[in-house]
Amino acid sequence: MERTDDLEAFLAIVEQGSQTAAADRLQRSLQSISRSLAGLERQLGVSLIRRTTRRSAPTEAGLAFYDRVKPALAEIEQAKAEAADRGRDLSGRLRIAAPRLFAQAFVAPAVCSFMGRFPRIEVDLKVSDRAVDLLAENLDVAIRMRRLAESMLKVRRIGELRLVTYGAGPYFERHGRPSHPDELLRHQCVVRTNDGGDDAWPFRVAGRPTTVRVAGRFRTDDSLAAREAVIRGLGIGFAPFWHVREAVERGQLEIVLASFATDPLPIYAVLPPTRTQPGKVRLFVDHLGNVLAKATALD
């Protein structure tokens, strides 16, 4: 089996363009780099590097090998770092941002149990429904519940939430229960206004995704206010099920249009664009994903 230091030497030669530059980068002797390359080529039975007096360039086989080895070696290094983190008494400050209701329901419990496991960890939790700027606000991780546009930030999907359409019995008694998403066009709907797409409710009709552009007399950027408005009969709402579960169990709300439910809402951990994340960040994101999976397993 190839040693990782031999693979590191090969990658460095390709990326630096010479064995001398690779030795400088890895802080190894030129002889050590040459031995690593020779041993690797001998083991594989193929020439990986074409050597000239001024430059070393990969052969066709070497370039193909490089494309395979580089991500694999990165995964090995990441795994080694994570294993070391799990055996280390983590310390330091962890700065997290999350939407308000999600923070209350999932992030705060996860933070408490995480701090119980690592008593030297400190946490700053920023709770806000607005989209935060990780770099400007010096955050380690932000939790978001929207499909994200391309950016330089790292994004990791850590869970999903079931989306439901819901209303109160008294409203349905006055206006009827919708049996198809298109019928929402004649209903009062309570619209969240956190971003530009919250009046376009997604559904799946005949197996195909579709959206219905809803409207109503009451609009708000606050999740609790929206739920309360629906409970009091101002209209029909749309939200993750965990947001209304207790009110449904108490009989204050009921779910409608369940057979037209759209795909679940993805939950993302958004991270700064550094090459490797600190152990405390990786472990917390893992921990939050586990907490979220257990909490939503019965949704």
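**A walk through the predicted model**

Just after helix H8, glycine 251 takes a positive phi of about 85 degrees. Helices here are DSSP runs of H or I with at least four residues, strands are runs of E with at least two, and both are numbered from the N terminus. This is a predicted model, in which local features need pLDDT of at least 70 and side-chain atom pairs count only at pLDDT 80 or more, while totals for chains, interfaces and linings use all residues. Residues are numbered from 1 along each chain as its sequence is written, and side-chain values use heavy atoms, with hydrogens and water left out.

Helix H8 itself covers residues 241–249, and Phe241, Trp242, His243, Val244 and Ala247 in this helix are buried. Buried stands for under 20% relative accessible area, exposed for over 50%, and partly exposed for anything in between, with a 1.4 Å probe and protein chains only. What lies over these buried residues of H8? The cover includes helix H5 (100–117) and helix H7 (223–231), along with strands S6 (154–161), S7 (163–167), S12 (237–240) and S13 (254–256).

Now for the whole protein. There are nine helices and 14 strands, and 43% of the 299 residues count as buried. The accessible surface comes to about 16,300 Å², and 50% of that belongs to carbon and sulfur atoms. These areas come from the Shrake-Rupley method with a 1.4 Å probe, and for residues only the protein chains shown count as cover. As for contacts (heavy atoms within 4.5 Å), 73% of those between residues at least 6 apart in sequence join residues at least 24 apart.

Helix H5 turns up again in a pairing with helix H9 (residues 279–295): the two axes come within 9 Å and cross at roughly 125 degrees. That makes H5 oblique to H9. Axes are lines fitted to C-alpha atoms, for helices over the stretch in contact, and angles run from 0 to 180 degrees between N-to-C directions. Angles under 35 degrees count as roughly parallel, over 145 as roughly antiparallel, 65 to 115 as roughly perpendicular, and the rest as oblique. The crossing of H5 and H9 is right-handed; the term means that the near helix is turned clockwise from the far one by less than a right angle, and left-handed means anticlockwise. On the H5 side, the contact is made by Phe102, Phe106, Val107, Ala110, Val111, Ser113, Phe114 and Arg117. H9 brings Lys280, Leu283, Phe284, His287, Leu288, Val291, Leu292 and Ala295. Sorted by class, the contact of H5 with H9 has 12 nonpolar, two polar and two charged residues. Here Ala, Val, Leu, Ile, Met, Phe, Trp, Tyr, Cys and Pro count as nonpolar, Asp, Glu, Lys and Arg as charged, and the others, Gly among them, as polar.

Another helix pair involves H2 (residues 19–26) and H3 (residues 30–44), which pack at an angle of about 110 degrees with their axes 9 Å apart. That makes H2 roughly perpendicular to H3. H2 passes H3 in a right-handed crossing. Gln19, Thr20, Ala22, Ala23 and Leu26 in H2 meet Leu30, Ile33, Ser34 and Leu37 in H3. The residues of this contact divide into six nonpolar, three polar and no charged.

Arginine 217 is 18 residues from glycine 235 in sequence and 8.6 Å away in space, C-alpha to C-alpha.

Leucine 257, in the loop between S13 and strand S14 (265–271), has a positive phi of about 60 degrees although it is not a glycine. At 8% relative accessibility, leucine 257 counts as buried. Asparagine 138 is not a glycine either, and has a positive phi of about 55 degrees; asparagine 138 is found in the loop between strand S4 (120–127) and strand S5 (141–144).

Aspartate 182 belongs to the loop between helix H6 (169–175) and strand S8 (191–192), and is partly exposed at 48% relative accessible area. Its C-alpha atom is separated by 9.2 Å from that of arginine 213, 31 residues apart along the chain. Arginine 3 lies in the segment before helix H1 (4–16) and is partly exposed, with a relative accessible area of 47%.
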